[in-house]
Amino acid sequence: MSQSLAWMMLVIAGALDVGWAISMKYAEGYTRIGWSIVSLVLLAVFVFLLGRALKVLEVGVAYSVWTGIGAAGTFVMGVLLFGETLSAMKLAGIALVLMGIAALKLA
């Protein structure tokens, strides 16, 4: 597998991580069966993609990028979907996460 394909799989895994976190919220403690199934499917797919990407990418970089995508994306979706609070300090924190992801990709 090429580096570029591994990075693409990693980014997709990060996006699916966001979907997983949001689906867990909708699953309401895994009491809503439909959302619970969606959550478990997303979990399985992103773990598979992350594992495939780790065959090529360094584990420290890949895991950090994956968690950063998940954290930043889940934060944005929480604001958009659930009206979670937005502040200058939170935006600064997410900006730092995104800068860290960019730095790891460039390293």
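This is a short tour of the structure, stop by stop, for you to follow in your viewer.

**Before you start**

The model is predicted, so local features need pLDDT of at least 70 and side-chain atom pairs count only at pLDDT 80 or more, while totals for chains, interfaces and linings use all residues. Residues are numbered from 1 along each chain as its sequence is written, and side-chain values use heavy atoms, with hydrogens and water left out.

**Stop 1: the whole chain**

Show the protein chain as a cartoon and you will find four helices and zero strands, in the pattern α-α-α-α along the sequence. Helices here are DSSP runs of H or I with at least four residues, strands are runs of E with at least two, and both are numbered from the N terminus. The C-alpha trace spans about 40 × 35 × 15 Å along its principal axes. Of the 107 residues, 33% are buried (under 20% relative accessible area; exposed is over 50%, and partly exposed lies in between).

**Stop 2: helix α1**

Select residues 3-27. This is α1, with 25 residues and a reach of 35 Å from its first C-alpha to its last, close to the 36 Å expected at 1.5 Å a residue. The expected span is 1.5 Å times one less than the number of residues. Step on to E28, which follows α1 and has a positive phi, near 50°.

**Stop 3: the core**

Next, select W7, L10, A13, F46, L57, V65 and W66, the residues with the most contacts inside the largest nonpolar core, which has 19 residues. The elements giving two or more residues to this core are α1, α2 (33-53) and α3 (59-82). Its largest share, seven residues, comes from α1. A nonpolar core is a set of buried Ala, Val, Leu, Ile, Met, Phe, Trp, Tyr and Cys residues joined through side-chain atoms within 4.5 Å.

**Stop 4**

Zoom in on W7. Leaving aside neighbours within four places in sequence, W7 is in contact (heavy atoms within 4.5 Å) with L57, V61, V65 and K105. The charged end of K105 sits over the W7 ring, 4.7 Å from its centre. For this, NZ of Lys or CZ of Arg must be within 6 Å of the ring centre and within 35 degrees of the ring normal. For another example, select K25 and F82: the charged end of K25 lies over the F82 ring, 5.6 Å from its centre.

**Stop 4**

Rings of Phe, Tyr and Trp (its six-membered ring) pair if their centres lie within 6.5 Å; planes under 30 degrees apart are stacked, over 60 edge-to-face, and the rest tilted. The whole structure has five aromatic pairs. W20 and F46 make an edge-to-face one, at 5.4 Å centre to centre and 65° between the planes. W20 is in α1 and F46 in α2, 26 residues apart. F46 is buried, at 2% relative accessibility. F46 also pairs with W66: the centres are 5.3 Å apart and the planes at 40°, so this pair is tilted.

**Last stop: S36**

Finish at S36 in helix α2, which is buried with a relative accessible area of 7%. Beyond its neighbours within four places in sequence, S36 is in contact with A27, Y30 and T31.

Notes:
Buried < 20%, exposed > 50% of the residue type's maximum accessible area, 1.4 Å probe, protein only.
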